[in-house]
Amino acid sequence: MKKFLCSLSALMIAAAITAQENPADFESKSNEFGIHAGFSTGLGLSYRHWFDNNGVQLTFLPVFADDLSFVSGGLTYMHSFKESKYFRFYGYLGNHFIYNSDAENEQQYNIGVGPGFSFGKTVRFNLMVGYGLYDVFNRLNMLPTGEIGLYFCF
């Protein structure tokens, strides 16, 4: 309950800060590059591009060693509901494919959906929460999901 109240307080403060801005002074940045870690959106280096209110996120991490191969690839659709100079509220639908040669289950496909929040101007901290469908093709599990990222906007 404490976590919920803290999160709600942070959102209310962010909304109050953005309510005092002049929309004419705001210039939206359409490209973002950074690092991302998510169960349903991918793990590794990430690129985002926003087309007005709609956006696409690509996330990729290949790791190859002597006896290990690990590849994480994610493709995510995003729709922005509210954007200001320092805050963005959006929804997302994420897809994540994982290949791991070291694990018993070598391939896994995850899907997630939920709200996302971005905080910052040039460097943005992203937090995405929601529900995910894990290991869709082998044994389907539906669990809460969390995604986090740090992006440079240009």
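A residue counts as buried under 20% relative accessible area, as exposed over 50%, and as partly exposed in between, with a 1.4 Å probe and protein chains only. The model on display is predicted, so that local features need pLDDT of at least 70 and side-chain atom pairs count only at pLDDT 80 or more, while totals for chains, interfaces and linings use all residues. Residues are numbered from 1 along each chain as its sequence is written, and side-chain values use heavy atoms, with hydrogens and water left out.

Next, select Phe81 and Phe89, which form a tilted aromatic pair at 5.5 Å centre to centre, with 40 degrees between the planes. Rings of Phe, Tyr and Trp (its six-membered ring) pair if their centres lie within 6.5 Å, and planes under 30 degrees apart count as stacked, over 60 as edge-to-face and the rest as tilted. Phe81 is exposed at 53% relative accessible area, whereas Phe89 is partly exposed at 27%.

Then move to Trp50, where Arg88 lies over the ring face at 3.8 Å from the ring centre, and to Tyr151, whose face has Arg48 over it at 4.5 Å from the ring centre; a charge sits over a ring if NZ of Lys or CZ of Arg is within 6 Å of the ring centre and within 35 degrees of the ring normal.
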